[in-house]
Amino acid sequence: MAEQADTFVKSSSYRNQKKTIAGTSILEKLDVIPALLTTWANVFASLFTGPIRSKETKGSGPFYRYVALTAMRTTTRRASPKQIHYLMDPTDDAYLAACKKRGFSPKSEVLGDGTQAHWIGDSNADKLVLNFHGGGYVVPASPEMFEFMFQIVDALKSQGKSAAVLMLSYDLAPTAPYPRQLQQAAALLQHVLTTLSVSPSRIILTGDSAGANLATSLLSHISHPHPSSSIPRISLPDNENFAGAVLISPWVSFDTSDASFTANEYKDVIGIGALQQWSSAFLDDPYPHTKKSDFYNHAVNAPESWWENLKIDRVLIVAGAEEVLLDGINKFVKKFTDGLGSEKVETIVVQGEYHDQPNIDLQIGYTEKQEGKQAKLIKNWISSRL
(Lines give C-alpha, C1' and ligand atoms only; values in the text may rest on other atoms or scores of the structure.)
Protein backbone atom coordinates (compact mmCIF):
# COMPACT_ATOMS: atom_id res chain seq x y z
CA MET A 1 0.00 0.00 0.00
CA ALA A 2 1.35 3.41 -0.96
CA GLU A 3 0.04 6.92 -0.92
CA GLN A 4 0.96 10.46 -1.88
CA ALA A 5 1.59 12.87 0.98
CA ASP A 6 1.05 16.61 0.67
CA THR A 7 1.24 17.07 4.44
CA PHE A 8 4.85 16.25 5.23
CA VAL A 9 5.50 13.26 7.46
CA LYS A 10 8.86 11.81 8.41
CA SER A 11 10.19 8.86 6.43
CA SER A 12 11.82 5.60 7.45
CA SER A 13 15.13 7.28 6.54
CA TYR A 14 14.50 10.00 9.12
CA ARG A 15 13.58 7.48 11.80
CA ASN A 16 16.57 5.34 10.86
CA GLN A 17 18.99 8.26 11.29
CA LYS A 18 17.47 9.19 14.64
CA LYS A 19 17.87 5.56 15.72
CA THR A 20 21.55 5.70 14.78
CA ILE A 21 22.01 8.88 16.81
CA ALA A 22 20.24 7.35 19.81
CA GLY A 23 22.68 4.44 19.67
CA THR A 24 25.74 6.67 19.52
CA SER A 25 27.71 6.67 22.75
CA ILE A 26 28.46 9.80 24.78
CA LEU A 27 32.16 9.31 24.09
CA GLU A 28 31.58 9.20 20.34
CA LYS A 29 29.45 12.33 20.52
CA LEU A 30 32.14 14.10 22.54
CA ASP A 31 34.72 12.97 19.98
CA VAL A 32 32.96 15.20 17.46
CA ILE A 33 34.79 18.16 19.03
CA PRO A 34 38.33 16.91 18.31
CA ALA A 35 37.12 15.72 14.90
CA LEU A 36 36.02 19.23 14.01
CA LEU A 37 39.22 20.68 15.47
CA THR A 38 41.18 18.37 13.17
CA THR A 39 39.23 19.75 10.22
CA TRP A 40 39.96 23.34 11.22
CA ALA A 41 43.64 22.51 11.72
CA ASN A 42 43.86 21.02 8.24
CA VAL A 43 42.01 23.96 6.75
CA PHE A 44 44.45 26.33 8.41
CA ALA A 45 47.39 24.28 7.11
CA SER A 46 45.91 24.31 3.60
CA LEU A 47 46.14 28.10 3.57
CA PHE A 48 49.92 27.62 3.54
CA THR A 49 50.26 24.37 1.57
CA GLY A 50 47.97 25.55 -1.22
CA PRO A 51 50.29 28.23 -2.58
CA ILE A 52 53.35 25.95 -2.55
CA ARG A 53 51.88 22.69 -3.85
CA SER A 54 52.16 22.11 -7.57
CA LYS A 55 49.13 21.99 -9.86
CA GLU A 56 49.81 18.28 -10.38
CA THR A 57 49.43 17.72 -6.63
CA LYS A 58 46.64 20.08 -5.58
CA GLY A 59 44.58 20.09 -8.78
CA SER A 60 43.69 22.72 -11.31
CA GLY A 61 40.87 24.44 -9.45
CA PRO A 62 41.07 27.81 -7.70
CA PHE A 63 42.65 28.21 -4.28
CA TYR A 64 39.25 28.47 -2.58
CA ARG A 65 38.24 25.07 -3.96
CA TYR A 66 41.44 23.50 -2.69
CA VAL A 67 40.73 24.77 0.84
CA ALA A 68 37.04 23.82 0.75
CA LEU A 69 37.75 20.31 -0.49
CA THR A 70 40.41 19.91 2.20
CA ALA A 71 37.75 20.71 4.81
CA MET A 72 35.25 18.20 3.42
CA ARG A 73 37.86 15.51 2.86
CA THR A 74 39.16 15.85 6.42
CA THR A 75 35.71 15.82 7.99
CA THR A 76 34.57 12.71 6.14
CA ARG A 77 37.82 10.92 7.00
CA ARG A 78 37.85 11.89 10.66
CA ALA A 79 34.14 11.54 11.49
CA SER A 80 32.59 8.09 11.84
CA PRO A 81 29.30 7.26 10.09
CA LYS A 82 27.47 7.65 13.41
CA GLN A 83 29.08 11.04 13.99
CA ILE A 84 28.04 12.14 10.50
CA HIS A 85 24.44 11.25 11.36
CA TYR A 86 24.80 13.21 14.59
CA LEU A 87 26.17 16.27 12.79
CA MET A 88 23.95 16.39 9.70
CA ASP A 89 20.25 16.97 9.17
CA PRO A 90 18.29 14.01 7.77
CA THR A 91 17.44 13.87 4.07
CA ASP A 92 13.82 14.80 4.78
CA ASP A 93 14.90 18.03 6.50
CA ALA A 94 17.25 18.84 3.64
CA TYR A 95 14.33 18.48 1.24
CA LEU A 96 12.18 20.83 3.31
CA ALA A 97 15.00 23.39 3.42
CA ALA A 98 15.44 23.24 -0.35
CA CYS A 99 11.70 23.56 -0.90
CA LYS A 100 11.48 26.55 1.45
CA LYS A 101 14.29 28.31 -0.39
CA ARG A 102 12.55 27.64 -3.69
CA GLY A 103 9.03 28.48 -2.50
CA PHE A 104 7.95 24.97 -3.52
CA SER A 105 5.26 23.02 -1.66
CA PRO A 106 6.73 19.69 -0.51
CA LYS A 107 5.09 16.54 -1.83
CA SER A 108 6.20 12.96 -1.35
CA GLU A 109 5.35 9.42 -2.34
CA VAL A 110 4.95 7.27 0.78
CA LEU A 111 5.38 3.52 0.51
CA GLY A 112 3.88 0.96 2.86
CA ASP A 113 7.01 0.52 4.97
CA GLY A 114 7.50 4.25 5.49
CA THR A 115 9.96 4.74 2.64
CA GLN A 116 9.51 8.09 0.95
CA ALA A 117 10.53 9.73 -2.29
CA HIS A 118 10.34 13.49 -2.66
CA TRP A 119 9.03 15.42 -5.64
CA ILE A 120 10.92 18.22 -7.34
CA GLY A 121 8.64 19.78 -9.91
CA ASP A 122 5.10 18.93 -10.99
CA SER A 123 4.18 15.37 -9.95
CA ASN A 124 1.82 15.26 -12.97
CA ALA A 125 4.60 15.96 -15.47
CA ASP A 126 4.89 13.82 -18.61
CA LYS A 127 8.44 12.62 -18.00
CA LEU A 128 10.22 11.50 -14.84
CA VAL A 129 13.79 11.57 -13.56
CA LEU A 130 14.13 8.96 -10.81
CA ASN A 131 17.10 10.07 -8.73
CA PHE A 132 19.24 8.36 -6.08
CA HIS A 133 21.47 10.63 -3.99
CA GLY A 134 25.11 10.02 -3.11
CA GLY A 135 26.95 10.00 0.19
CA GLY A 136 28.46 6.55 0.52
CA TYR A 137 25.12 5.16 1.76
CA VAL A 138 26.05 6.90 5.03
CA VAL A 139 25.67 10.65 4.44
CA PRO A 140 22.14 12.08 4.14
CA ALA A 141 21.29 14.15 1.09
CA SER A 142 22.07 17.85 1.38
CA PRO A 143 19.75 20.72 0.38
CA GLU A 144 22.14 21.37 -2.51
CA MET A 145 21.51 17.90 -3.93
CA PHE A 146 17.83 18.77 -4.14
CA GLU A 147 18.76 22.17 -5.56
CA PHE A 148 20.66 20.52 -8.42
CA MET A 149 17.52 18.50 -9.21
CA PHE A 150 15.49 21.74 -9.18
CA GLN A 151 18.00 23.17 -11.65
CA ILE A 152 17.55 20.16 -13.95
CA VAL A 153 13.76 20.61 -13.86
CA ASP A 154 14.18 24.34 -14.58
CA ALA A 155 16.46 23.59 -17.54
CA LEU A 156 13.92 21.16 -18.99
CA LYS A 157 11.04 23.57 -18.41
CA SER A 158 12.93 26.36 -20.18
CA GLN A 159 12.98 24.12 -23.25
CA GLY A 160 9.25 23.50 -23.08
CA LYS A 161 9.57 20.00 -21.62
CA SER A 162 7.29 18.63 -18.94
CA ALA A 163 9.44 16.70 -16.48
CA ALA A 164 9.82 16.24 -12.74
CA VAL A 165 12.28 14.55 -10.41
CA LEU A 166 11.38 11.96 -7.80
CA MET A 167 14.24 11.48 -5.32
CA LEU A 168 14.41 8.47 -3.03
CA SER A 169 15.05 9.13 0.66
CA TYR A 170 16.66 5.78 1.41
CA ASP A 171 17.66 4.45 4.82
CA LEU A 172 21.31 4.97 5.74
CA ALA A 173 24.04 2.65 6.97
CA PRO A 174 25.22 1.56 9.47
CA THR A 175 21.73 1.03 10.94
CA ALA A 176 20.36 -0.05 7.56
CA PRO A 177 23.03 -2.02 5.66
CA TYR A 178 22.81 -3.58 2.20
CA PRO A 179 20.48 -4.65 0.60
CA ARG A 180 17.95 -2.35 2.30
CA GLN A 181 18.57 0.50 -0.17
CA LEU A 182 18.06 -1.78 -3.19
CA GLN A 183 14.86 -3.05 -1.59
CA GLN A 184 13.61 0.53 -1.29
CA ALA A 185 14.69 1.49 -4.82
CA ALA A 186 12.92 -1.55 -6.31
CA ALA A 187 9.77 -0.87 -4.29
CA LEU A 188 9.76 2.76 -5.42
CA LEU A 189 10.24 1.80 -9.06
CA GLN A 190 7.41 -0.73 -8.80
CA HIS A 191 5.22 2.02 -7.32
CA VAL A 192 6.16 4.40 -10.15
CA LEU A 193 5.38 1.81 -12.83
CA THR A 194 2.15 0.46 -11.38
CA THR A 195 0.55 3.00 -9.04
CA LEU A 196 1.69 6.16 -10.83
CA SER A 197 1.42 4.44 -14.26
CA VAL A 198 4.63 5.93 -15.64
CA SER A 199 5.99 3.82 -18.49
CA PRO A 200 9.73 2.98 -18.59
CA SER A 201 10.22 4.94 -21.83
CA ARG A 202 9.28 8.11 -19.91
CA ILE A 203 11.83 7.50 -17.14
CA ILE A 204 15.50 8.40 -16.78
CA LEU A 205 17.41 6.93 -13.85
CA THR A 206 20.06 9.16 -12.30
CA GLY A 207 22.45 8.84 -9.39
CA ASP A 208 25.62 10.42 -8.08
CA SER A 209 28.40 8.42 -6.38
CA ALA A 210 26.64 5.90 -4.10
CA GLY A 211 23.41 6.87 -5.84
CA ALA A 212 24.94 5.73 -9.13
CA ASN A 213 25.92 2.51 -7.35
CA LEU A 214 22.25 2.09 -6.44
CA ALA A 215 21.14 2.82 -10.01
CA THR A 216 23.44 0.11 -11.41
CA SER A 217 22.29 -2.23 -8.64
CA LEU A 218 18.67 -1.64 -9.63
CA LEU A 219 19.39 -2.25 -13.31
CA SER A 220 21.22 -5.44 -12.36
CA HIS A 221 18.25 -6.57 -10.26
CA ILE A 222 15.84 -6.06 -13.15
CA SER A 223 17.95 -8.24 -15.46
CA HIS A 224 19.19 -10.67 -12.80
CA PRO A 225 16.73 -10.76 -9.87
CA HIS A 226 18.50 -10.47 -6.53
CA PRO A 227 18.38 -13.69 -4.46
CA SER A 228 16.85 -11.87 -1.47
CA SER A 229 13.08 -12.40 -1.34
CA SER A 230 12.76 -9.02 0.41
CA ILE A 231 13.49 -7.16 -2.83
CA PRO A 232 10.45 -6.79 -5.11
CA ARG A 233 10.83 -8.30 -8.58
CA ILE A 234 10.50 -5.78 -11.41
CA SER A 235 9.03 -6.75 -14.77
CA LEU A 236 9.15 -4.33 -17.68
CA PRO A 237 7.19 -4.73 -20.92
CA ASP A 238 9.12 -6.86 -23.42
CA ASN A 239 9.60 -4.12 -25.98
CA GLU A 240 10.02 -1.12 -23.68
CA ASN A 241 13.20 0.16 -22.05
CA PHE A 242 14.06 3.04 -19.79
CA ALA A 243 14.79 6.20 -21.76
CA GLY A 244 18.21 6.45 -20.19
CA ALA A 245 20.44 6.57 -17.14
CA VAL A 246 22.98 9.11 -15.91
CA LEU A 247 25.75 7.82 -13.64
CA ILE A 248 27.63 10.71 -12.01
CA SER A 249 31.02 9.74 -10.56
CA PRO A 250 29.70 6.21 -9.98
CA TRP A 251 31.00 4.44 -6.85
CA VAL A 252 31.25 1.09 -8.58
CA SER A 253 34.53 -0.12 -7.05
CA PHE A 254 35.38 -0.40 -3.36
CA ASP A 255 39.09 -0.99 -4.12
CA THR A 256 41.12 1.86 -2.63
CA SER A 257 44.49 0.61 -3.91
CA ASP A 258 44.09 2.06 -7.41
CA ALA A 259 46.73 4.55 -8.55
CA SER A 260 44.16 7.34 -8.86
CA PHE A 261 43.86 7.42 -5.06
CA THR A 262 47.49 8.55 -4.87
CA ALA A 263 47.48 10.79 -7.93
CA ASN A 264 44.33 12.66 -6.88
CA GLU A 265 44.73 12.52 -3.09
CA TYR A 266 44.77 16.30 -2.59
CA LYS A 267 42.55 17.19 -5.53
CA ASP A 268 39.34 15.43 -4.52
CA VAL A 269 36.59 15.80 -1.95
CA ILE A 270 36.90 12.25 -0.57
CA GLY A 271 39.71 9.87 0.28
CA ILE A 272 40.62 6.37 1.36
CA GLY A 273 39.66 6.75 5.01
CA ALA A 274 36.10 7.87 4.35
CA LEU A 275 35.46 5.37 1.57
CA GLN A 276 36.65 2.39 3.59
CA GLN A 277 34.50 3.46 6.55
CA TRP A 278 31.46 3.94 4.35
CA SER A 279 31.72 0.73 2.33
CA SER A 280 32.28 -1.24 5.55
CA ALA A 281 29.17 0.32 7.10
CA PHE A 282 27.11 -0.19 3.94
CA LEU A 283 28.02 -3.86 3.56
CA ASP A 284 28.29 -4.57 7.29
CA ASP A 285 31.57 -6.26 6.39
CA PRO A 286 35.11 -4.97 7.09
CA TYR A 287 37.25 -3.82 4.17
CA PRO A 288 38.06 -5.46 1.71
CA HIS A 289 34.54 -6.95 1.96
CA THR A 290 35.31 -10.53 1.03
CA LYS A 291 32.01 -11.79 2.50
CA LYS A 292 29.38 -9.34 1.30
CA SER A 293 30.62 -8.02 -2.06
CA ASP A 294 28.58 -9.14 -5.09
CA PHE A 295 27.78 -8.01 -8.63
CA TYR A 296 24.86 -5.87 -7.43
CA ASN A 297 26.80 -3.71 -4.97
CA HIS A 298 30.28 -3.98 -6.53
CA ALA A 299 29.56 -3.49 -10.21
CA VAL A 300 33.20 -3.39 -11.31
CA ASN A 301 33.47 -7.12 -10.59
CA ALA A 302 30.56 -8.09 -12.84
CA PRO A 303 31.63 -9.63 -16.19
CA GLU A 304 30.74 -8.09 -19.54
CA SER A 305 27.96 -10.64 -20.04
CA TRP A 306 26.20 -9.36 -16.90
CA TRP A 307 25.41 -6.08 -18.67
CA GLU A 308 24.07 -7.55 -21.90
CA ASN A 309 20.43 -6.82 -22.69
CA LEU A 310 19.88 -4.28 -19.91
CA LYS A 311 16.45 -2.68 -20.22
CA ILE A 312 17.79 0.75 -21.09
CA ASP A 313 18.25 2.70 -24.31
CA ARG A 314 21.18 5.00 -23.46
CA VAL A 315 23.59 5.60 -20.58
CA LEU A 316 25.72 8.63 -19.80
CA ILE A 317 28.65 8.16 -17.43
CA VAL A 318 30.44 11.32 -16.27
CA ALA A 319 33.44 11.68 -13.98
CA GLY A 320 36.13 14.15 -13.10
CA ALA A 321 39.73 13.52 -14.11
CA GLU A 322 40.80 14.64 -10.61
CA GLU A 323 38.74 12.15 -8.58
CA VAL A 324 40.17 9.28 -6.59
CA LEU A 325 37.60 6.83 -7.97
CA LEU A 326 38.68 7.41 -11.57
CA ASP A 327 40.60 4.14 -12.11
CA GLY A 328 37.73 2.08 -10.73
CA ILE A 329 35.26 3.95 -12.90
CA ASN A 330 37.38 3.34 -15.99
CA LYS A 331 37.57 -0.40 -15.24
CA PHE A 332 33.80 -0.52 -14.87
CA VAL A 333 33.21 1.48 -18.04
CA LYS A 334 35.25 -0.98 -20.11
CA LYS A 335 33.22 -3.99 -18.98
CA PHE A 336 29.91 -2.14 -19.01
CA THR A 337 30.42 -0.78 -22.52
CA ASP A 338 31.62 -4.11 -23.90
CA GLY A 339 28.54 -5.79 -22.45
CA LEU A 340 25.81 -3.27 -23.22
CA GLY A 341 27.29 -1.98 -26.47
CA SER A 342 29.32 1.10 -27.31
CA GLU A 343 26.40 2.57 -29.27
CA LYS A 344 24.42 2.80 -26.02
CA VAL A 345 27.08 4.16 -23.66
CA GLU A 346 28.63 7.62 -23.63
CA THR A 347 31.44 8.23 -21.15
CA ILE A 348 32.91 11.67 -20.50
CA VAL A 349 35.80 12.35 -18.13
CA VAL A 350 36.11 16.08 -17.58
CA GLN A 351 39.59 17.48 -17.08
CA GLY A 352 40.07 19.67 -14.02
CA GLU A 353 36.94 18.46 -12.24
CA TYR A 354 36.55 16.27 -9.16
CA HIS A 355 34.19 13.72 -7.63
CA ASP A 356 30.47 14.55 -7.94
CA GLN A 357 31.30 18.15 -8.77
CA PRO A 358 27.77 19.21 -9.84
CA ASN A 359 26.48 18.62 -6.30
CA ILE A 360 29.58 19.43 -4.26
CA ASP A 361 30.17 22.75 -6.01
CA LEU A 362 26.79 23.92 -4.74
CA GLN A 363 27.61 22.70 -1.24
CA ILE A 364 30.81 24.73 -1.07
CA GLY A 365 29.14 27.91 -2.22
CA TYR A 366 29.37 28.05 -6.01
CA THR A 367 26.27 29.13 -7.93
CA GLU A 368 24.59 27.69 -10.99
CA LYS A 369 26.20 30.44 -13.09
CA GLN A 370 29.59 29.08 -11.97
CA GLU A 371 28.77 25.42 -12.67
CA GLY A 372 31.33 23.17 -14.29
CA LYS A 373 31.22 21.12 -17.47
CA GLN A 374 29.77 18.01 -15.81
CA ALA A 375 26.67 19.89 -14.66
CA LYS A 376 26.08 21.34 -18.12
CA LEU A 377 26.62 17.96 -19.79
CA ILE A 378 24.13 16.26 -17.50
CA LYS A 379 21.39 18.84 -18.08
CA ASN A 380 21.89 18.80 -21.86
CA TRP A 381 21.98 15.00 -22.04
CA ILE A 382 18.80 14.54 -20.00
CA SER A 383 17.05 17.10 -22.17
CA SER A 384 18.13 15.24 -25.32
CA ARG A 385 16.66 11.98 -23.97
CA LEU A 386 13.37 13.49 -22.85
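Angles under 35 degrees count as roughly parallel, those over 145 as roughly antiparallel, those from 65 to 115 as roughly perpendicular, and the rest as oblique. The model is predicted, so that local features need pLDDT of at least 70 and side-chain atom pairs count only at pLDDT 80 or more, whereas totals for chains, interfaces and linings use all residues. Residues are numbered from 1 along each chain as its sequence is written, and side-chain values use heavy atoms, with hydrogens and water left out.

**View 1. Packing of helix 3 against helix 5.** Helix 3 (residues 32-52) and helix 5 (residues 63-78) pack at about 150°, and their axes are 9 Å apart. The two helices are therefore roughly antiparallel. Helices (H or I, at least four residues) and strands (E, at least two) are DSSP runs numbered from the N terminus. Axes are lines fitted to C-alpha atoms, for helices over the stretch in contact, and angles run from 0 to 180 degrees between N-to-C directions. Residues in contact (heavy atoms within 4.5 Å) include Pro34, Thr38, Asn42 and Ser46 of helix 3, and Phe63, Tyr66, Thr70 and Arg77 of helix 5. By class, the contact comprises nine nonpolar, nine polar and two charged residues. Here Ala, Val, Leu, Ile, Met, Phe, Trp, Tyr, Cys and Pro count as nonpolar, Asp, Glu, Lys and Arg as charged, and the others, Gly among them, as polar.

**View 2. The largest pocket.** This pocket has a volume of about 620 Å³. On a 1 Å grid over the protein atoms alone, a pocket is an open set of points with protein on both sides within 12 Å along at least five of seven lines, a cavity is a set where a 1.4 Å probe fits but cannot get out, and lining residues have an atom within 4 Å of a point. Grid points are joined across faces, edges and corners, and a volume is the space filled by probe spheres set on the points. Of the 26 lining residues, Met72, Thr76, Met88, Val139 and Gln363 lie nearest the centre of the largest pocket. Two or more lining residues come from each of helix 5, helix 6 (81-87), helix 12 (272-283) and helix 14 (357-363). Helix 5 gives the most, with five residues. The lining has 15 nonpolar, nine polar and two charged residues.

**View 3. The second largest pocket.** About 290 Å³ of space lies in this pocket. Its lining consists of 17 residues, and those nearest its centre are Arg73, Thr74, Arg77, Glu265 and Tyr266. Helix 3, helix 5 and helix 12 each supply at least two residues of the lining, and helix 5 has the largest share, five residues. Six lining residues are nonpolar, seven polar and four charged.

**View 4. Crossing of helix 9 and helix 10.** The axes of helix 9 (residues 180-194) and helix 10 (residues 210-223) come within 10 Å and cross at roughly 65°. Helix 9 is therefore roughly perpendicular to helix 10. The crossing is right-handed. Gln181, Leu182, Ala185, Ala186 and Leu189 of helix 9 meet Leu214, Ser217, Leu218, His221 and Ile222 of helix 10. These contact residues divide into seven nonpolar, three polar and no charged.

View 5. The structure holds three cavities of 30 Å³ or more, and the largest cavity contains about 70 Å³ of space. Among the residues that line the largest cavity are Phe148, Gln151, Asp361, Tyr366, Glu371 and Ala375. Helix 14 gives the most to this lining, with four residues. Helix 8 (143-158) and helix 15 (residues 373-385) pack at an angle of about 50°, with axes 10 Å apart. Helix 8 is therefore oblique to helix 15. Phe148, Gln151, Ile152, Ala155 and Leu156 of helix 8 meet Ala375, Ile378, Lys379, Ile382 and Ser383 of helix 15.

**View 6. Backbone features in two loops.** The peptide bond from Ala173 to Pro174 is cis, with omega near 10°, and a cis bond with omega of about 10° joins Tyr178 and Pro179. Pro174 is found in the loop between strand 5 (163-169) and helix 9, and Pro179 lies in the loop between strand 5 and helix 9. Tyr137, although not a glycine, has a positive phi of about 65°; Tyr137 is found in the loop between strand 4 (127-132) and helix 8.

How values were computed. Left-handed = near helix turned anticlockwise from the far one by under 90°.
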